[in-house]
Amino acid sequence: MTADLETRAREIRFRLIRMSHEAQSAHLAGALSCVDLLVALYWRILKIDPANPAGPNRDRLIFSKGHAVSALYVTLAKLGFFPEENLARYNQHGASLPEQPCPQMTPGVEWATGSLGHGLGVGLGIAIASSIQQNPHSTFVLVSDGECQEGSVWEAAMLAPKLKTGPLTVLVDFNGWQATGRSRDIMQMEPLAEKWTTFGWDACEIDGHSMPEILSALVKPRDHRPRAIIAHTTKGKGASFIEDDNNWHYRSPSAEEVKKAAQELGIAQ
Amino acid sequence: MRNAFADEILQLALVDERIVVLSGDIGNRLFDKFKAAMPTRFYNCGVAEANMISLAAGLASSGLRPVCYTITPFVTTRCLEQIKLDVCYHNMPVTIVGTGSGLSYAALGSTHHSFEDLAIMRSLPGMNVLAPADAPELRAAMRWVFAQNQSAYLRIGKKGEPVLTEEAAFMVGRWQRLRTGSSATLLACGTILSEVLAAADLLAKDDIQATVWNCASVKPLDLEALAHLGSSPVFSIEEHSVLGGFGSAVAEFLSGRTNPPRLIRIGIPDEFLHDCGEQEEARVYCGLDAASLARRIAAEIA
């Protein structure tokens, strides 16, 4: 049932690793951790049209962990929002794929993020608008675990359950790391799902690399509450030498390491 | 002014169904009529101003016209990054209303003073910055704002400001000349206009005739008026820090002119206030009351 998604996730992961090598860009590991969430959302859940990326009835995904936007770019390219060859110019001067997202430059990108803690408030506004305008689209916000240290996340989290909104879902890519260390060593992250529950959200915890678990959390019937999906992931998922090694928050792979990743991911070169 | 704001936004929203009012838990009873008439278009966003701004940007991205209303420092400096990124960078037509600006809430101390909001807001690309002098001008400015599709910051007072302007006279990027005289040019920005007009009256008794402009449009400035100021000394007068605000905007313009008139920037000194007292007393302390202004202006042109 989900083999096609898993294949796609492997392809996207390899493309990300190659892109990071080509562009010598940072934040590869945090991009790799959220790939399965993006694949499940974009190929099974979101009602979107690559030919009409700004259609008023589209579902919205606010990609709030902006530093990991390369994962979104590869996803959008594979969906046809823009030509895949654009990826070769990721993060280059004059190209359309900046290192942090910018909706004015890239079709399919909903919001300029990168300063953490903005996406949930924006998504809440969009979800309220869908209720006011009786436009029944869904709103999803992908945040990082480190991002949950921003107070503004909890401002939005405390307000959302009190309001009448269209369907609103936050996905936390809980890869356990932030820029300079394990998130649990820096702030009191756990129990993270309980935090959302006590704020009035319908929260659940899943394996963020299991397609069946991701899909079932996304399609589960809703009550009146907004939904929080705490997706436990591995930072750098997909290549053994990147996984759970936080040096890869900043470094990019060599040509040799790209080859090694291809082997591990089963990608023919 | 805040009652005029509440009434005008009600009237505007009754005919423009895109308007949504967001309050940062302020305006007790102020919006009762609005809430009764349009319950799905009023949201008390709680004591959480940063989220209120992001939320407004989200609403605007779906075609709505949100207005964020709370006390000036909490809706400007506290949530500056949300205004910069979510509103301005995305060109979202969000209207930000700072009530009780400048020294309006003098008695509440530095937490409630706003001496830097003009400086900061006018530095944001795409942001219109308007400081109406009284209730009629505020109403006219609001009608202009909702006829556009741009972000705007409205710096307003609290209540009981004297009516000094004619509603129809407000235009963005255009100031109004209220007095004409050749000894000095007084550029009054915001609710301080009442003190400036009274100062002009005091000066007139000493045979000093001043031109007085009401300068509600801080960004954009009135470039036409600025280009024809004449040669007599120019005084910018604002209830805001002398650094970065209206007077600085005027200075920036004049710095590019050949033989500009002399500019004296009058505002709140570059310091925090440590004093008890109401707005009137604070204005005296800062030299912004009519008598102090008249003395300062007379001394500068002597």
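The text below takes up a strand pair, a helix, a chain interface and a domain interface in turn.

The model is predicted. In chain A, strand β6 (residues 202-207) and strand β7 (residues 227-232) pair in the parallel sense over six bridges, and A:D202 has A:R227 of β7(A) as its bridge partner. Together with helix α9 (residues 211-219) of chain A, β6(A) and β7(A) make a right-handed β-α-β unit.

Helix α3 (residues 35-45) of chain A is largely enclosed by the rest of the structure, because eight of its 11 residues are buried. Those buried residues of α3(A) are A:V35, A:D36, A:L37, A:L38, A:V39, A:A40, A:L41 and A:Y42.

Between the chains, 24 residues of chain B are in contact with 19 residues of chain A. On the side of chain B that touches chain A, the elements giving two or more residues are α3 (49-61) and α5 (80-89) of chain B, and α3(B) gives the most, with nine residues.

The domain assignment divides chain B into domain 1 (2-155) and domain 2 (167-301), whose C-alpha centres lie 25 Å apart. Here 26 residues of domain 1 of chain B are in contact with 31 residues of domain 2 of chain B. To the domain 1 side of this contact, α6 (117-122), β5 (127-130) and α7 (135-147) of chain B each give two or more residues, with the largest share, six residues, coming from α7(B).

The classes of residue on the two sides are listed here.

Conventions:
Residues numbered from 1 in each chain as written. Chains lettered and ligands numbered in written order. Predicted model: local features only at pLDDT ≥ 70, side-chain atom pairs only at ≥ 80, totals over all residues. Pairing = 2+ DSSP bridges. Helix = DSSP H or I, 4+ residues; strand = E, 2+ residues; numbered from the N terminus. Right-handed = clockwise from strand over helix to strand, strands pointing away. Contact = placed C-beta atoms within 7 Å. Buried ≥ 20, exposed ≤ 12 C-beta atoms within 10 Å, placed from the backbone. Domains from an automatic or database assignment.
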